[in-house]
Amino acid sequence: MVNLQNKKNEIIHQIGEDGLKRLKFSKILKLIENEIKELMDYWIVKQIHQMVNEVFNINIDLSTLYRTKNL
């Protein structure tokens, strides 16, 4: 989860808090694709879904996470 928080801070540094809020869920998932793949070594998809929603303060559907390329 620390990697997700670090990635969120990196994105905010690049595009700002408002830019992050305007991103579509699919774009956010694309930006954190590597972090999600790392988490999949230790967690199930449902747990990763919960972590992403908590860290980014969004409400991505679980089905959207499943549809993400290469997951």
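Before you click anything, one term: a helix here is a DSSP run of H or I at least four residues long, and helices are numbered from the N terminus. Keep in mind, too, that what you're looking at is a predicted model.

**Stop 1: Lys7**

Select Lys7, which you'll find in helix α1. Is Lys7 buried or exposed? Its relative accessible area is 15%, and buried means under 20%, so Lys7 is buried. Now show what is around Lys7: leaving out residues up to four places away in sequence, Lys7 touches Leu31, Ile32 and Glu35.

**Stop 2: α1 against α4**

Next, colour two helices: α1, residues 2–22, and α4, residues 45–56. When two helices pack, the angle between their axes and the distance between those axes describe the arrangement. For α1 and α4 the angle is about 45°, and the axes are 11 Å apart. That's why α1 counts as oblique to α4. Turn the view around a bit and look at the handedness: the crossing of α1 past α4 is right-handed.

Which residues meet between α1 and α4? On the α1 side, show Leu4, Gln5, Lys8, Ile11 and Leu20. On the α4 side, show Met51, Val52, Val55 and Phe56. Sorted by class, this contact has seven nonpolar residues, one polar and one charged.

**Stop 3: Met51**

Stay in helix α4 and pick Met51. Met51 has a relative accessibility of 8%, so it counts as buried. Setting aside residues up to four places away in sequence, Met51 touches Met1, Leu4, Leu39 and Trp43.

**Stop 4: Asn53**

Move along to Asn53, another residue in helix α4. Asn53 is at 13% relative accessibility and therefore counts as buried. Where does its side chain go? A polar atom of the Asn53 side chain lies 2.9 Å from the backbone nitrogen of Ile60. If you skip the neighbours within four places in sequence, the contacts of Asn53 are Ile58, Asn59 and Ile60.

**Stop 5: Asn57**

Now step out to Asn57, in the loop between α4 and α5, the latter being residues 62–67. Check the backbone here: Asn57 isn't a glycine, yet it has a positive phi of about 50°. And how does Asn57 sit, buried or exposed? At 64% relative accessibility, Asn57 counts as exposed.

**Stop 6: Ile28**

Finish with Ile28, in helix α2, which covers residues 25–31.

How values were computed. Residues numbered from 1 in each chain as written. Predicted model: local features only at pLDDT ≥ 70, side-chain atom pairs only at ≥ 80, totals over all residues. Heavy atoms only, no water. Axes fitted to C-alpha atoms, helices over the stretch in contact; angles between N-to-C directions. Parallel < 35°, antiparallel > 145°, perpendicular 65-115°, else oblique. Left-handed = near helix turned anticlockwise from the far one by under 90°. Contact = heavy atoms within 4.5 Å. Nonpolar A, V, L, I, M, F, W, Y, C, P; charged D, E, K, R; others polar. Buried < 20%, exposed > 50% of the residue type's maximum accessible area, 1.4 Å probe, protein only. Polar contact = N/O pair within 3.5 Å; in protein donor to acceptor, adjacent residues only side chain to side chain.
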